[in-house]
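What does this structure look like when it is read residue by residue?

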Amino acid sequence: NNNDAEYKDQLKELVLLLARGSSCRTDPIVVVTGHMPDDQRSGEPPADYVALALHRFVERSRDAVTELAVTNPGVRVRFADQYTPFVQNRPTTAFPSEVWSIDGIPDYAKIAREDDRYHPRRLASIYAGELAADSLDLQEMRALVNGGCAVAIAGPGSVCAGQSVTLDAGPGFASYFWSTGATTRTVTVSPSATTTYTVTVTGAECLSASASIDLVVNAAPAAPSISSPSSAPQGATGLSATVPSHPGSGWHWTIGNGTITSGQGTAAITFTAGSAGQVSLSVVETSPAGCASTPGTSTTTIVPRPLRLYTLTPCRLVDTRDITSSAFSPGERRNLPAAPGCGISSTAKALALNVTVAGPIAAGYLTLFPGDAQDPPVTSTINFRPGQVRANNAVVLLGADGRLGILNGSAGSTHAIVDVVGYFE
């Protein structure tokens, strides 16, 4: 590395790794030397290599060792120019007696060995054991000393059929490779059956590490079958609906045109019907594993309650002969409020009437009907001929707005008299 700062930082880290990871002694001495070309076995190295070694490697290495001794006084580190002890086989103060000696006298035979043993990596192999094997780079040394790196997959241990989950191998790694083929930190999967997923990572602190997770696939419950009344009176209370019960499951009910009064979350509820139409029920079952079913549904038809007749003393509701009114014109339609005249209840649904025509100019009919109807019915309430006075009884529904509709189905004008004798609700 021709960058001085990077070279020294990497060398310092390597020394610290060796000092921490050495297995030969509890308080090792790390010796830093220069580097001989692999093909240089004896004699003087080439002049250009000598210059490079002295100017670059040797000086930077010496500076790095000096700085490390200040910043990390607990680490015993020495620097040695490789040419003195290894090539020329001469004593050097860089190798104190505590490093290689016999009874305090330096043993240079340990330094200048035959069979290429003077090569710095050979020397390291002898005195630093497995941590200095040939071809190790800084990343490999980190992995050996740091004991490798650990990776763990974060994610649930189970998933519901048809659902997706995301598995996460965690941050800080240089690369990721999943058994699915993905090369990202996270992977989203949707298994159809229980599956084992594996990830292999690499990073600055390790060559590679792997982890696996078993993802169990849980089936969702079947759609619940609801047992409920097929019909019920409007406003009925205390109605019940049930589904088959399973240990550990939960149920969520919803209702339309009614009210759940008890049992939400269980397999049985009670409810109240609305005023008209149908009550719609829906329920979803969630299994102990957290898997939800598709909704089960049912409907209950609301049957209107029978109307009760409340009689009244005959009372004139309409009389077009009155000075405040006028006869019906040919084809005229009028919508008239029923309540509160004549004691009719504001919630009345229909009226019991006596209908009379008087002085019709032409033949025709009167039709009485709910006042909110868009079109009158085609049936008549009473028929007449010109000049007749006729009467007829009728029961007529009121509109939702409480009004009564009257149509003159004649080509001439006529008077109408309507008397009420009762109402229904």
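Phe173 and Tyr176 are both buried, where buried means under 20% relative accessible area, exposed means over 50%, and partly exposed lies in between (1.4 Å probe, protein chains only). The model is a predicted one, in which local features need pLDDT of at least 70 and side-chain atom pairs count only at pLDDT 80 or more, while totals for chains, interfaces and linings use all residues. Residues are numbered from 1 along each chain as its sequence is written, and side-chain values use heavy atoms, with hydrogens and water left out.

## Aromatic pairs and a charge over a ring

Rings of Phe, Tyr and Trp (its six-membered ring) are taken as a pair if their centres lie within 6.5 Å, and planes under 30 degrees apart count as stacked, over 60 as edge-to-face and the rest as tilted. By this rule there are 2 aromatic pairs. The ring centres of Phe173 and Tyr176 are 5.9 Å apart and the planes stand at 90°, so this pair is edge-to-face. Tyr310 and Tyr423, by contrast, form a stacked pair, with 5.2 Å from centre to centre and 15° between the planes. Because Tyr310 belongs to strand 18 (residues 309-319) and Tyr423 to strand 25 (residues 415-424), this pair ties together parts that are 113 residues apart in sequence. Helices (H or I, at least four residues) and strands (E, at least two) are DSSP runs, numbered from the N terminus. Tyr310 counts as partly exposed at 28% relative accessibility, whereas Tyr423 is buried at 10%.

Elsewhere, Arg334 lies over the face of Phe328, at 4.2 Å from the ring centre; for such a placement, NZ of Lys or CZ of Arg must be within 6 Å of the ring centre and within 35 degrees of the ring normal.

## The loop between strands 19 and 20

Ser345 is found in the loop between strand 19 (333-337) and strand 20 (350-358), and with a relative accessibility of 18% Ser345 counts as buried. Leaving out residues up to four places away in sequence, Ser345 touches Ala339, Tyr423 and Glu425, a contact being heavy atoms within 4.5 Å. The table gives polar contacts, each a pair of N or O atoms within 3.5 Å; within protein, one must be able to donate a hydrogen and the other to accept it, and residues adjacent in sequence count only if both atoms are side-chain atoms.

| Partners | Distance |
|---|---|
| Side chains of Ser345 and Thr347 | 3.0 Å |
| Side chains of Ser345 and Glu425 | 3.2 Å |

Most residues other than glycine have a negative phi, and most peptide bonds are trans. A cis peptide bond, with omega of about 5°, joins Ala339 and Pro340, and Pro340 is placed in the loop between strand 19 and strand 20. Cys342 also has its place in the loop between strand 19 and strand 20; its phi is positive, near 60°, and at 21% relative accessibility Cys342 counts as partly exposed. A positive phi, of about 65°, is likewise found at Asn257, which lies in the loop between strand 13 (250-256) and strand 14 (258-262).

## Cores and a buried threonine

A nonpolar core is a set of buried Ala, Val, Leu, Ile, Met, Phe, Trp, Tyr and Cys residues joined through side-chain atoms within 4.5 Å. The largest such core has 23 residues, of which Ile344, Leu351, Leu353, Leu366 and Leu368 touch the most other members. At least two residues of this core come from each of several strands, including strand 18, strand 20, strand 21 (364-370) and strand 25. Beyond four places in sequence, the contacts of Leu368 include Leu353, Val355, Val396 and Ile406. Another core, of 19 residues, lies apart from the largest one and has Ala169, Val187, Leu215 and Val217 among its members.

Thr300 lies in strand 17 (residues 296-303) and is buried, with a relative accessible area of 1%. Its contacts outside four places in sequence include Ser228, Pro229, Phe271 and Val279.

## The chain as a whole

The chain has 5 helices and 25 strands, and 38% of its 425 residues count as buried. Of the contacts with a separation of 6 or more, 64% involve residues 24 or more positions apart.
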